[in-house]
Amino acid sequence: MKLSISRYNPEHDESPYLQDYEIELVASDHMLLDVLLRLKQQDDTLSFRRSCREGVCGSDAMNINGRNGLACITRTSTLREPVVIRPLPGFPIIRDLFVDMTQFFKQYESITPYLVNDESPPEKERLQSPAERDRLNGAYECILCACCSSQCPSYWWNPDKFVGPAGLIKAYRFIFDSRDRATEQRLDDLGGDPYRLFRCRTIMNCAEVCPKGLEPVRAIEAIRLKIAQLPVHQGGLETHPPKSPK
Amino acid sequence: MRLRFTGLAAWWVQRASAVFMLLFIVFALVAFWLYPRHSYLEWRSWASSPCVVMAILAFFAALLLHMWVGLRDVLLDYAKPAGLRRLLLGGVAGSLFGMAVWVVLILARLQT
């Protein structure tokens, strides 16, 4: 398999460049991450994040043939060669495929990503009806891999002001959680600023590249409708079968 | 008070203007389909009736507001230097205002 991988070492490179690799595939090379791990055995200077290898942790998000995705769930058999691998676009590059996700997690932190409920806790647990629980479907599955935010032009231009699709789908998850009691504060926080929520231009790259098949754009629209006091679709958010890079 | 179409207000403006424009376009197409107008005088007579003049004015108001919100958003994203941004926003605002005046002049001429 032929690969062209973005390399950058801040100690001696002025800017990133593409380095070509060629590696013979073996029977166990099902996913792109398998190939990258074997490549790293040959060239231990090649740097990238990975952890669970199951598409759950979101660590190995990268830009594969122009499209963001997780290397661990991208099948080698479907990839066009040479496979061009770059770091997540729009994020500062630390080294090779490592990107600085500080701003991304600052935005995530800014939406208060936990349930706020000062009422005295019940004896066992705070119960939800099946319908209340269904509202969280399509949002709670987000693994914060940053594929969506990194492919969002609105986030590229305003990473410090616009929360981004990943943060906003998480915000939806708490705003529409029947156990949360901070809905008004959450809506004021997002609706009171022209950038944090309303910078989304419904480009829909977020839904297109989400490796879990989620649609953050629908979460964003639901929050806007809630702020505008318009009816919001009941039930969870729509999802779709995820599309892998080709 | 300064009229600012940002955040929720801009969102409302874009959606309300889009809905109005869609309704007007459907109305105009149906009107032309049901009552075809074959000459300039027939067109002029239709376009100069008070109700149609008001609808056309409202259509262009919606169109220009929609354009302002959309183009301003594009410029806020891409034109980062403050001076360049002000210049481009001023150019867009001036152009849209010019178009608005032009529409009013055309409709006023129809009344004479």
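Me: What makes β3 and β4 of chain A a pair?
Reply: Strand β3 (residues 61–64) of chain A and β4(A) are antiparallel partners over four bridges. Strands are DSSP runs of E with at least two residues, helices are runs of H or I with at least four, and both are numbered from the N terminus. Two strands pair if DSSP finds at least two bridges between them. Four bridges meet that rule, so the two strands pair. One example is A:A61, whose bridge partner in β4(A) is A:L70. The hairpin of β3(A) and β4(A) has two residues between the strands, and A:N65 takes a positive phi near 50° there.

Me: What kind of model is this, and how are its parts numbered?
Reply: This is a predicted model, where local features need pLDDT of at least 70 and side-chain atom pairs count only at pLDDT 80 or more, while totals for chains, interfaces and linings use all residues. Residues are numbered from 1 along each chain as its sequence is written, and chains are lettered from A and ligands numbered from 1 in the order in which they are written.

Me: Why is chain A called as compact as a globular protein of that length?
Reply: Chain A has nine helices and seven strands. Its radius of gyration is 20 Å, close to the 18 Å of the globule rule for 246 residues, so chain A is as compact as a globular protein of that length. The radius is taken over C-alpha atoms, and the rule is 2.2 Å times the number of residues to the power 0.38. The C-alpha atoms fill a box of roughly 60 × 35 × 30 Å along the principal axes.

Me: Why is chain B called more spread out than a compact globule?
Reply: Chain B has four helices and zero strands. Its radius of gyration is 17 Å, well over the 13 Å that the rule gives for 112 residues, so chain B is more spread out than a compact globule. Its C-alpha trace spans about 50 × 25 × 25 Å along the principal axes.

Me: What share of each chain counts as buried?
Reply: In chain A, 39% of the 246 residues count as buried. In chain B, 4% of the 112 residues do. A residue is buried if 20 or more other C-beta atoms lie within 10 Å of its own, exposed if 12 or fewer, and partly exposed in between, with C-beta atoms placed from the backbone.

Me: What makes the largest nonpolar core a core, and where does it lie?
Reply: A nonpolar core is a set of buried Ala, Val, Leu, Ile, Met, Phe, Trp, Tyr and Cys residues joined through C-beta atoms within 7 Å. The largest one has 60 residues, and A:L168 and A:Y172 are among those with the most contacts inside it. Helix α6 (residues 165–175) of chain A gives the most, with seven residues. Domain 1 (2–99) and domain 2 (102–227) of chain A both give residues, so the core lies between them. The domain bounds come from an automatic or database domain assignment.

Me: How many residues does each domain bring to the contact between them?
Reply: The C-alpha centres of domain 1 and domain 2 of chain A lie 29 Å apart. The contact takes 14 residues from domain 1 of chain A and 11 residues from domain 2 of chain A. Two residues are in contact if their C-beta atoms, placed from the backbone, lie within 7 Å. Strand β4 (residues 67–70) of chain A gives the most to the domain 1 side, with four residues.

Me: How many residues does each chain bring to the contact between A and B?
Reply: Chain B gives seven residues and chain A gives nine residues. On the chain B side, α1(B) brings the largest share, four residues.
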